[in-house]
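Dear colleague,

I am handing over the structure below, and my notes on it follow.

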Amino acid sequence: MEASSSHAQLRENTNRTPRTRHRMAIPTKIPTKIPPTLVARYLSSASSLADRLPEAPSQPPAPTLDLSDTRHLFASVPTAALLRSLANLSTLAAGPIVDLGVAALRAAAAAPEGRLLPAAVLGMARATVHRHFCAGEGFEEAGRAVEAMWAEQGLRSIVDYGMEDAEDGAACDRNLDGFLRTVEMASSLPPTSTSVCVKITALCPISLLERTGDLLRWKQKDPTFQLPWSAHSFPILCDSSPLYLTPSVPDPLTEAEELDLRLAHQRLSKICHRCAEAGIPLVIDAEYATLQPAVDYFTYSAAIQFNHGDQPMVYGTIQAYLRDSRERMVNAVEAAEREGIPLGIKLVRGAYLTRETNLASSLGVPSPIHGSIQETHQCFDNCAAFLLERIRRGSGAILLATHNVRSGQAAAAKAEELGIGKEDQKLQFAQLLGMADGLSLGLKNAGFQVCKYVPFGPVEQVIPYLLRRAEENRGLLSTSTVDRQLIRKELMRRLATAVVGKT
């Protein structure tokens, strides 16, 4: 959920990086006995890295979120699971290896069916990247993984069935069936253990979302501009939003496009109805700038229709790396409060750094992204503090999706300062499956509600998504440094215990 390239650790999102059933959070089937020589192999550089982490405090009280006591942090995780996670994360943090893997997967995806090499590449991906970052290939396998994670660690899941972006109505209908099956699977799991994630790009053709976004941006430029198809929504854009993507008046939607837009609303409504019947929250992912206004339009329209009572059912996503993110968020929250509608927000740093920067550069306009990683961190933390204040006042709910330890600590401390109960369902933290497990377990051990974002689906179906993320978030996995440090420290402690009895 954190990004890289020149903005290392910028990626957050929930939006969509897969992981696996055989991860730290589901370790029960893994043997706990590991030969000391194998442990030592992965600890060659442990001393210097572990020294950077503070030792567990000897005197209470402990801070709100403490990751220094790795013995307590990883108490439920077998050594074999730690070793596998360390090996995977270390390998995937190496740029040349990632580049080679991406090239091989592209070649496999483009090759004719039945070719031996592509089959071998996909098999390797299934055994490595897919295994680490996804909860399996089928609905039953994913359900078992989610249920085990809930039973063993008390970690919730946001399940995401890997879907391709839709190009036409037929693809949208196929994706709808997949989402409905996901809701059915989630409804069979323990209550409160699972949410469902959907992508509007899988329910509405991409070209139509772009056209709708153009019209919404022009409406922001000219309030007198008429959109006869538009339904009631909260504010989508704001004065600081970049409107350069729509330099001239767009053509109105055709009758066929209006029909397709209504069908897309019906698809989302059908999913919402199923979620409401099952009592399952629905999280809607964010997209890149050309699509996001339309995605917010769908999200807020659904929130107005389905968010009632005290707890929201529909959650939208705010990407804090965008310059206009805080203003847009505040406008939507305040509009929801005026109408007495609880608004659920998933707050992330952002997923499309390279795409947004390149697009702005090609148009000769300023980037919509903050100028530095520090500004993005500050925006995320400020947005989180604003939303926590709103929760204290009884307004809405927040899903803080972050891999950044400092942001997690700041939000945890702020929640405690405001007197927000750790059992309060209106505050949840989230990390990607296979990433930031130390932070997830630390927050859970501190008493907070914690989710893992859990993609699943056939490897052939998920790989194209992984390739797009690799292109847009170069070096994403290099942000796993803290994960690897914590795991190395705990493995070194366990090795010392095994060899000399030191605890």
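Which residue in S4 is the bridge partner of Val 283? The partner in S4 is Tyr 315. The model is predicted, so that local features need pLDDT of at least 70 and side-chain atom pairs count only at pLDDT 80 or more, while totals for chains, interfaces and linings use all residues. Residues are numbered from 1 along each chain as its sequence is written, and side-chain values use heavy atoms, with hydrogens and water left out.

Strand S3 (residues 282-284) and S4 run parallel and are joined by two bridges; strands pair if DSSP finds at least two bridges between them. Helices (H or I, at least four residues) and strands (E, at least two) are DSSP runs, numbered from the N terminus. In S4 (residues 314-319), six of six residues are buried, meaning under 20% relative accessible area with a 1.4 Å probe, protein chains only. Val 314, Gly 316 and Ile 318 cover one side of S4, and Tyr 315, Thr 317 and Gln 319 lie on the other.

Turning to the helices, H13 (residues 325-338) and H15 (residues 373-392) pack at about 10°, with their axes 10 Å apart, which makes H13 roughly parallel to H15 (angles under 35 degrees). Their contact (heavy atoms within 4.5 Å) includes Met 329 and Val 333 of H13 and Phe 386 and Leu 387 of H15.

The axes of H8 (residues 139-153) and H9 (residues 169-187) come within 10 Å and cross at roughly 40°, so H8 is oblique to H9. This contact is made by Phe 139, Ala 142 and Gly 143 of H8 and Gly 178, Arg 181, Thr 182 and Met 185 of H9.

With best wishes

How values were computed
Axes are lines fitted to C-alpha atoms, for helices over the stretch in contact, and angles run from 0 to 180 degrees between N-to-C directions. Angles under 35 degrees count as roughly parallel, over 145 as roughly antiparallel, 65 to 115 as roughly perpendicular and the rest as oblique. Buried means under 20% relative accessible area, exposed over 50%, partly exposed in between (1.4 Å probe, protein chains only).
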